[in-house]
Amino acid sequence: GSRWTLALQLLQEMRSRGVVPDTGSYGALLTALGRGSGPWQQAVWLLEKALEVRRQERTAMSLKELMERALTPIWTSGRLAEALMIYRQGKDAGVWPGDRGSRLLDLHDFAGESAQVAVCAQLLQLAKEGAGEVVIVTGRGGHSREGGVTLHPLLTHFLQELKIPVRPDPKIAGRLRVSLPEDFYGV
């Protein structure tokens, strides 16, 4: 079986032996789920359980880390509505920066999947307001973990796949400019 199936079996085994899973256990399960092709519904359920446990314990695992791990399988399953729900919960809880207006999105400290979800949320907001341009601050990749994906090329490719006009900012490296045409009605 896949890693996430084995991980869920281990969770059931822990419970059957009276061991109460902590946020680290749920975080590991979310990571396994994100690396496999597990169902996105499991990620939502695991995040809910992890958040319940997190309220009761002092933990080194941050809320941001839990939410990032939950977003991966949800996003890769193509579940935009559910990913946006988790993203908005994270914003409300202060995991990701609050609004800076619909014309600027600063993605410093975002992982790949959460950055893509944030871009979708920003474009949906901008679409409600009509045509215009949004500046996406990706940074130059100087703080990316070794072997990690820098956001600039990831988001350029992502937006191009969606047929959304995107170009590097000619004046400031680490920024993208995205223009929405007047007939754009959402992502």
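The questions and answers below go through a predicted model of one protein.

Me: How many helices and strands does the protein have?
Reply: Read along the sequence, the elements follow the pattern α-α-α-α-α-β-α-β-α-β-β. The secondary structure comes to seven helices and four strands.

Me: What percentage of the residues in the protein is buried?
Reply: Buried means under 20% relative accessible area. The protein has 187 residues, and the buried ones make up 41%.

Me: Among contacts between residues at least 6 apart in sequence, what share joins residues at least 24 apart?
Reply: A contact means heavy atoms within 4.5 Å. Of the contacts in the protein between residues at least 6 apart in sequence, the share that joins residues at least 24 apart is 60%.

Me: Do β2 and β4 pair in the parallel or the antiparallel sense?
Reply: Strand β2 covers residues 132–137 and strand β4 covers residues 175–180. In this pair G132 stands opposite L180, and I136 stands opposite L176. The two strands are joined over six bridges, and the sense is antiparallel.

Me: Which residue in β2 stands opposite L105?
Reply: Strands β1 and β2 pair in the parallel sense over three bridges. The residue in β2 that stands opposite L105 is I136.

Me: Are α4 and α5 roughly parallel or roughly antiparallel?
Reply: The axes of helix α4 (residues 63–76) and α5 come within 9 Å and cross at roughly 165°. The crossing is left-handed. Angles over 145 degrees count as roughly antiparallel. Helices α4 and α5 are therefore roughly antiparallel.

Me: How many charged residues are there in the contact of α4 with α5?
Reply: M67, L71, I74 and W75 in α4 meet L80, E82, A83, I86, Q89 and G90 in α5. By class, this contact has seven nonpolar and two polar residues, and the number of charged residues is one.

Me: Is E82 buried or exposed?
Reply: E82 lies in helix α5 (residues 80–92). Leaving aside neighbours within four places in sequence, E82 is in contact with W40 and I74. Residues under 20% relative accessible area count as buried. The relative accessible area of E82 is 17%, so E82 is buried.

Me: What is the C-alpha to C-alpha distance between W75 and G34?
Reply: W75 is found in helix α4 and counts as buried, at 16% relative accessibility. Apart from neighbours within four places in sequence, the contacts of W75 are L80, A83, E113, Q116, V117, C120 and F158. W75 and G34 are 41 residues apart in sequence, and their C-alpha to C-alpha distance is 9.3 Å.

Me: At what angle do α6 and α7 pack?
Reply: The axes of helix α6 (residues 112–129) and α7 are 10 Å apart. The crossing of the two helices is right-handed. The angle between α6 and α7 is about 50°.

Me: How many nonpolar residues are there in the contact of α6 with α7?
Reply: G112, A115, Q116, V119, C120 and L123 in α6 meet L151, L154, L155, F158 and L159 in α7. By class, the contact has two polar and no charged residues, and the number of nonpolar residues is nine.

Conventions
Residues numbered from 1 in each chain as written. Predicted model: local features only at pLDDT ≥ 70, side-chain atom pairs only at ≥ 80, totals over all residues. Heavy atoms only, no water. Pairing = 2+ DSSP bridges. Buried < 20%, exposed > 50% of the residue type's maximum accessible area, 1.4 Å probe, protein only. Axes fitted to C-alpha atoms, helices over the stretch in contact; angles between N-to-C directions. Parallel < 35°, antiparallel > 145°, perpendicular 65-115°, else oblique. Left-handed = near helix turned anticlockwise from the far one by under 90°. Nonpolar A, V, L, I, M, F, W, Y, C, P; charged D, E, K, R; others polar.
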